[in-house]
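Please consult the sequence and the structure shown below alongside the text.

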Amino acid sequence: MNRFDTHEVVNQASPFADVNLFACDPALREGVAREGAGWAVAGLERLGARLGSAAVLDLARLANENAPKLVNVDRNGRRIDEIEFHPAWHALMALLIEHGAHSLPWEGEGTRGQAGSQVARAAAYLLFGQVENGSQCPVTMTYASVPALRQNPRIAAHWLPKILSREYDPRSLPVEQKRGALVGMGMTEKQGGSDVRANTTRALALEPGSARARYGDEGEGAFSIVGHKWFFSVPQSDAHLILAQTDEGGSAGLSCFFVPRYLPDGSRNAIRVQRLKNKLGNRSSASSEVEFCDAVGWMIGKEGRGIPTILEMGSHTRLDCVLGSAGIMRAALCHALHHARGRSAFGRPLAQQPLMQNVLADLALESEAATALSLRLARTFDQMSDQMSNPSEALLARLLTPAGKYWVCKRGPGFGAEAMEVMGGNGYVEDGPLARLYREFPVNSIWEGSGNVMCLDVLRAVARGPEVRDALGVELALAAGRDPRFDDYAARLLDGLAAASGDEFGARRLAEQLVLAVQAGLLLRHAPDYVADAFVASRIAREPGGAYGRLPDGIDCAAILGRALVEIA
Ligand SMILES: Cc1cc2nc3c(=O)[nH]c(=O)nc-3n(C[C@H](O)[C@H](O)[C@H](O)COP(=O)(O)OP(=O)(O)OC[C@H]3O[C@@H](n4cnc5c(N)ncnc54)[C@H](O)[C@@H]3O)c2cc1C
């Protein structure tokens, strides 16, 4: 090597690529089997290899560097409101749809998939979350729309075969001509998103039999919709569920409407895309502002019951916020840990320096706990329709969904910043994935009910009565007797629960404690002792700190890091 040759690269870690994302993650593998989806392991193994390939990881880069563009009119001036995407976006979408990330729990006989299919889907979603997050948005909304759509059997019969199809079909056509369909949701308006009761969009019943209103042979029940939505993600979806008022004064309350992109007569529905949002993250996906200029929609659920109807969708999207953030955490951890193993400073690999071990092990604990909670929560969704036989699971889902969305998503941005810092300057530049991952974290916390709104929802869940406390008690009792610090924490939490239900001021603290208790219980029961002990010592025996890397003495960091990322040479 010529001594002036500056191209020799030493002491730089290799890219984290061509890795099986499932095989390298013991916590995920164990969790899938434990929570009832052991049958899915072989498929997840194949998916993990595909998603971890350098080629697929590069699709994520391309889809984000080439953001979607809005094309309002064609070259002759006709209004089209089309969105143009880079081919990488379509390739990612096809992968998600091919693997049933939008459909798995709803496939098969009846209204539900195979037992454990929510957990199997959750695991796949966690893996996708380690690759690209914008493409998860349409998949989440399509998945979440299914229970709400089933409230209108006519629409469901017409649309579900396309919605549940495993074929991704991006063409802008009436649904009858498509091989697969996507569904979005529109609630947020300029004057209010958390408080959707402020929606001003109006829906006026159309005359039965009106030509525009015909849906197949079924004409009735169509409405003309006038108004706007300030956030309307995935405007290229084949349909959206939206909220609108059905009377002038709004006294009937909001109703939920199914608004297709094309009408049954093949014409475009009058949904005008005003512009695309210029977003911090999630740049591969299009989020828009729209106006409804006499668009046509069909009511889903009962008049005036739009909020509960669309919240059925919302509970599933909130589950995905938890899964999504757990996936991004896992990705950030893997990149950081892999880098620290391949990079030396002051004569030793970073991963062997005690202070760096403290940081990395702390991140690994957070990630494993998020994974364990995600899969446990997905299992409650698997069992939710068994309310008669297992009402405890439905109550636990009611409590843990908002609490989990609050805490796991809230931990994300700090986690991302720390993982980025592990990689030093390389973490900060856009050439690597950490800058993008960091930008992805906040949206899961804001979207579908921001942090405070989730915590207020936790209070509403607690206020439902002692059954909720009992359901939590059943879950925590499974880990009783394993660690006195946990036993004490769980007892205090359960004792104070009823009184806490009226305490808006302290709602964040309550949501945090609920999640930490469930996470600690899961780790005590199922993770190796060195993981559970470190989690309890750092988050139960004392308050979790603001910064990562404050684990107390006596933690077996080497063991935690060995488990966190199994790298197969
Ligand atoms: C990338 C992206 C995509 C989105 N896509 C969609 C979409 O497809 N469809 C859709 O309908 N919406 C979408 N949204 C909108 C999102 O759901 C809303 O932004 C969110 O619900 C918050 O509503 P808001 O923006 O009106 O904020 P506000 O309602 O004004 O809330 C502002 C803050 O006040 C807090 N707050 C509200 N009420 C209380 C209270 N009582 N006590 C204490 N704090 C409170 C909230 O937690 C929040 O932090 C998207 C948002 C983003 C960022």
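How far does a backbone N or O atom of Met187 lie from an oxygen atom of the ligand? The distance is 2.7 Å, a polar contact, defined as a pair of N or O atoms within 3.5 Å, where within protein one must be able to donate a hydrogen and the other to accept it, and residues adjacent in sequence count only if both atoms are side-chain atoms. This is a predicted model, in which local features need pLDDT of at least 70 and side-chain atom pairs count only at pLDDT 80 or more, while totals for chains, interfaces and linings use all residues. Residues are numbered from 1 along each chain as its sequence is written, and side-chain values use heavy atoms, with hydrogens and water left out.

**Ligand surroundings**

- The ligand has 21 residues around it, of which Met187, Thr188, Gly193, Ser194 and Ser233 come nearest; a residue is near a molecule or strand if one of its heavy atoms lies within 4 Å of it.
- Ser194 places a polar side-chain atom 2.6 Å from an oxygen atom of the ligand.
- Phe231 has a polar backbone atom 3.4 Å from a nitrogen atom of the ligand.
- The protein buries 66% of the 980 Å² that the ligand exposes when taken alone (accessible areas come from the Shrake-Rupley method with a 1.4 Å probe; for residues, only the protein chains shown count as cover).
- Two or more residues of the shell around the ligand come from each of β3 (183-186), β5 (222-233), α12 (434-446) and α13 (451-462); helices (H or I, at least four residues) and strands (E, at least two) are DSSP runs, numbered from the N terminus.
- By residue class, the shell around the ligand comprises 9 nonpolar, 10 polar and 2 charged residues (Ala, Val, Leu, Ile, Met, Phe, Trp, Tyr, Cys and Pro count as nonpolar, Asp, Glu, Lys and Arg as charged, and the others, Gly among them, as polar).

**Strand β9 and its partners**

- Strand β9 spans residues 287-300 and is mostly covered, with 11 of its 14 residues buried; buried means under 20% relative accessible area, exposed over 50%, and partly exposed in between (1.4 Å probe, protein chains only).
- β9 pairs with β5 in the antiparallel sense over 10 bridges, and Gly227 stands opposite Phe292 in β9; two strands pair if DSSP finds at least two bridges between them.
- Strand β7 (residues 254-260) also pairs with β9 in the antiparallel sense, over 3 bridges; Phe258 stands opposite Trp298 in β9.
- Strand β8 (residues 271-276) runs antiparallel to β9 and is joined to it by 5 bridges; the bridge partner of Leu276 is Ser288 in β9.

**Buried residues in helices**

- Arg121 belongs to helix α5 (residues 117-128), and Arg121 counts as buried because its relative accessibility is 1%.
- Not counting residues up to four places away in sequence, Arg121 touches Gly100, Ala101, Leu104, Pro105, Thr140, Tyr143, Asp320 and Leu323; contact means heavy atoms within 4.5 Å.
- Ala156 is located in helix α7 (residues 153-163) and is buried, with a relative accessible area of 9%.
- Ala156 is in contact with Leu149, Arg150 and Pro161, leaving aside its neighbours within four places in sequence.
- The C-alpha atoms of Ala156 and Val146 are separated by 8.3 Å, and the two residues are 10 residues apart along the chain.
- Asn64, in helix α3 (residues 54-65), counts as buried at 10% relative accessibility.
- The side chain of Asn64 has a polar atom 2.8 Å from the backbone oxygen of Ala60, and a polar contact of 2.8 Å joins the side chains of Asn64 and Glu132.
- Beyond residues up to four places away in sequence, Asn64 touches Glu132, Arg283, Ser284, Arg436 and Glu440.

**Positive phi angles**

- Most residues other than glycine have a negative phi.
- Asp81 is not a glycine, yet has a positive phi of about 50°.
- Asp81 lies in strand β2 (residues 79-84) and counts as buried at 7% relative accessibility.
- Glu448, likewise not a glycine, has a positive phi of about 60°.
- Glu448 is found in the loop between α12 and α13, and Glu448 counts as buried at 8% relative accessibility.
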